[in-house]
Amino acid sequence: MDFKDIEILKDFDDVLTFVEFRQALKIGRNKAYELLQNNIIPSIRIGKSYRIPKINVINYLQNQK
């Protein structure tokens, strides 16, 4: 696991909200929805809200290298 990937997420809980997810990756709303709706980053949908496990974000970042 790359320390840099963990470092950018250190201030977030183990499960991120949609807004936290966007803030962590510094991406726009459309890109965030694209990543989640296409299951590129696995998430949990509760009603209309997304919950994104932090480990899934870390795994995504590591696979992009």
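In the predicted model, Ser43 is placed in the loop that runs between helix H3 (29-37) and strand E2 (44-46). The relative accessibility of Ser43 is 25%, so this residue counts as partly exposed, since the partly exposed class lies between the buried limit of under 20% and the exposed limit of over 50%. Leaving aside residues up to four places away in sequence, Ser43 touches Leu36, Tyr50, Arg51, Ile52 and Pro53. Ser43 can also be placed relative to Leu16: the two are 27 residues apart in sequence, and their C-alpha atoms are 9.5 Å apart in space.

Three aromatic pairs were found when the whole structure was searched. One of these is formed by Phe18 and Tyr50, with 6.3 Å from centre to centre and 35° between the planes, and this pair is tilted. The pair links distant parts of the chain, as Phe18 belongs to helix H2 (residues 18-25) and Tyr50 to strand E3 (residues 49-53), 32 residues apart. Both Phe18 and Tyr50 are buried. Through ring pairs, Phe18 and Tyr50 are joined with Tyr33 into a cluster. Tyr50 has a charged neighbour as well: Arg45 lies over the face of the Tyr50 ring, at 4.8 Å from the ring centre.

Salt bridges were also counted, and the structure contains two. In one of them, the side chain of Asp11 meets that of Lys10, with an N to O distance of 3.6 Å. Asp11 has a relative accessibility of 66% and therefore counts as exposed, because the exposed class begins over 50%.

A salt bridge also joins the side chains of Glu34 and Lys31, where the N to O distance is 3.4 Å. Glu34 and Lys31 are three residues apart in helix H3, so about one helical turn separates them. Glu34 counts as partly exposed because its relative accessibility is 37%. For Lys31 the relative accessible area is 37%, and Lys31 is therefore partly exposed. Helix H3, which holds Glu34 and Lys31, is the helix on one side of the loop in which Ser43 is found.

Conventions: Residues numbered from 1 in each chain as written. Predicted model: local features only at pLDDT ≥ 70, side-chain atom pairs only at ≥ 80, totals over all residues. Heavy atoms only, no water. Helix = DSSP H or I, 4+ residues; strand = E, 2+ residues; numbered from the N terminus. Buried < 20%, exposed > 50% of the residue type's maximum accessible area, 1.4 Å probe, protein only. Contact = heavy atoms within 4.5 Å. Phe/Tyr/Trp six-rings, centres within 6.5 Å; stacked < 30°, edge-to-face > 60°. Lys NZ or Arg CZ within 6 Å of the ring centre and 35° of its normal. Salt bridge = Lys/Arg side-chain N within 4 Å of Asp/Glu carboxyl O.
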